[in-house]
Amino acid sequence: MERMLIKELIKTAPFGQQVNIKGWVRTKRGSKYVAFIALNDGSCITSLQVVAPVDKFDPELLKSVTTGASLSVTGTLVESQGKGQTMEVQAEEIEVYGLADPETYPLQKKGHTLEFLREVAHLRPRTNTFGAVFRIRHNMAYAIHKFFHDRGFYYFHTPLITASDAEGAGQMFQVTTLDVNNLPVGEDGRVSYDADFFGTETNLTVSGQLEGELGAMALGAIYTFGPTFRAENSNTPRHLAEFWMIEPEVAFYEIKENMDLAEDFLKYLVNWALDNCSDDLRFLNDTYDETLIDRLRSVVSTDFVRLGYTEGVKILEEAVKSGEAKFEFPVYWGADLAAEHERFLVEHHFKRPVILTDYPKEIKAFYMKQNDDGKTVRAMDVLFPRIGEIIGGSQREEDYDKLVTRSREMGIPVEKMYWYFDTRRFGTVPHSGFGLGFERLILFVTGMQNIRDVIPFPRTPKNASF
């Protein structure tokens with residue numbers, strides 16, 4: 001008999017018909033007359049109750065049905081007379097695919113801390129919490145592709161292995177086929193990469209932006225969506241060593257159009273979650289954060305504030321002076337604002353998302369377009385409640401001479417990256433783009449507190465398990 005997903009049974013409710021469901025046992029309870037088995041197949045947050053009369057089944061078979069076991073159940077779908085569910089399956093056949101020893105299976109029927117579940121990350125997707133998070137993560141990935149496809153963008157695949165550092169920070173994971181216990185050394189005492197696979201020093205990418213700009217200069221509007229890597233020794237709830245980025249780049253866009261795109265994009269994604277992940281969101285709202293759904297709705301229904309960096313700093317300085325706020329990190333013009341500053345602007349001062357623009361050039365990347373004042377660049381960060389910066393972007397500097405001068409000031413190897421600067425030599429145009437950290441988006445949409453809990457297998461310092 002053809003299997004049906006639980007989510008489809010809930011949607012179609014074919015009462016009175018024989019159905020087959022397959023999944024994993026969440027719980028089993030009952031009496032000497034009947035066993036009640038909660039079966040979940042991962043298709044939705046809801047488990048379907050299986051009613052198994054004891055006298056119809058081998059006692060040893062029912063004994064083997066424990067939390068974590070996997071089953072195939074065939075029976076009649078009926079309206080439930082009990083509380084907590086609208087339907088149930090009156091079991092006629094039960095096949096046990098895989099046993100789960102109750103003495104050793106970690107996910108027994110009790111509350112587990114998120115810290116404990118990180119230690120069993122290979123099993124945590126079976127819990128209600130992580131089933132909900134990962135279904136939402138899937139929906140957000142799908143919505144990202146749909147948003148850009150429907151607007152004429154092209155999905156552009158940029159390399160994961162690169163010889164350039166887009167951020168200029170140097171915090172990159174090296175890729176090599178050399179024997180690290182016997183590295184070849186040149187006459188200058190430095191490692192010689194002549195015998196390495198690529199013949200040069202290469203790393204895992206921190207961003208697909210630079211190559212994405214090349215695509216935008218031919219296709220008009222592109223986006224990347226893939227893993228990026230940063231060897232930053234940060235053991236915080238906001239940092240991962242391996243994370244996913246979405247980076248659109250658009251030819252002929254200036255900063256205002258870039259801000260409009262970012263706002264439309266975020267509202268589309270949040271609205272998609274509200275429309276398509278309602279059961280999972282309701283579970284997370286009720287279990288972890290009772291303000292979650294209201295917060296998501298508020299983002300969709302309000303215009304984002306457009307605020308210059310200079311004005312933002314004045315607001316923060318005034319808040320400190322008046323005693324309205326006390327920050328761990330100092331606030332002054334030229335400072336790279338911390339998350340506490342960003343969240344104050346969003347959560348306390350404006351009470352809605354903020355797009356902060358026109359940052360001092362000294363704290364921003366070499367490729368950002370310089371403003372006429374000589375002090376600031378056309379950068380833009382989108383700041384969200386509970387998250388702080390969720391998007392970072394800018395209008396890119398299209399003037400070849402300005403870009404080269406600024407690059408040399410910041411120690412960027414212009415000759416080595418000739419391919420990037422060539423886009424300013426041959427048919428340059430105004431263009432803009434931004435990067436959205438996928439895991440930070442999932443943090444916001446799910447209300448989870450730790451970024452390790454919104455990616456299936458987190459990579460952090462001293463942790464590459466699973």
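How many bridges join strand 2 to strand 3? The count is six, and the two strands run antiparallel. The views below come from a predicted model.

**View 1. Strand 2 sits between its pairing partners, strand 1 and strand 3.**
Start with strand 1 (residues 18-30), which pairs with strand 2 in the antiparallel sense over six bridges. The two make a hairpin, with three residues between them. Look for W24, which stands opposite N40 in strand 2. Then turn to strand 3 (residues 48-53), joined to strand 2 by six bridges; here I37 has V50 as its bridge partner. Strand 2 (residues 34-40) is largely enclosed by the rest of the structure, because six of its seven residues are buried.

Neighbours within four places in sequence aside, T357 is in contact with M259, L307, G308, Y309, A379 and M380.

**View 2. Helix 5 crosses helix 12 in a left-handed way.**
The axes of helix 5 (residues 209-219) and helix 12 (residues 418-425) come within 10 Å, crossing at roughly 35°. On the helix 5 side, the contact is made by Q209, L210, E211, E213, L214 and M217. Helix 12 brings W419, Y420, T423 and R424. Sorted by class, that's five nonpolar, two polar and three charged residues in the contact of helix 5 with helix 12.

Definitions and conventions
Residues are numbered from 1 along each chain as its sequence is written. This is a predicted model: local features need pLDDT of at least 70, side-chain atom pairs count only at pLDDT 80 or more; totals for chains, interfaces and linings use all residues. Side-chain values use heavy atoms; hydrogens and water are left out. Contact means heavy atoms within 4.5 Å. Axes are lines fitted to C-alpha atoms, for helices over the stretch in contact, and angles run from 0 to 180 degrees between N-to-C directions. Helices (H or I, at least four residues) and strands (E, at least two) are DSSP runs, numbered from the N terminus. A crossing is left-handed if the near helix is turned anticlockwise from the far one by less than a right angle, and right-handed if clockwise. Ala, Val, Leu, Ile, Met, Phe, Trp, Tyr, Cys and Pro count as nonpolar, Asp, Glu, Lys and Arg as charged, and the others, Gly among them, as polar. Buried means under 20% relative accessible area, exposed over 50%, partly exposed in between (1.4 Å probe, protein chains only). Two strands pair if DSSP finds at least two bridges between them.
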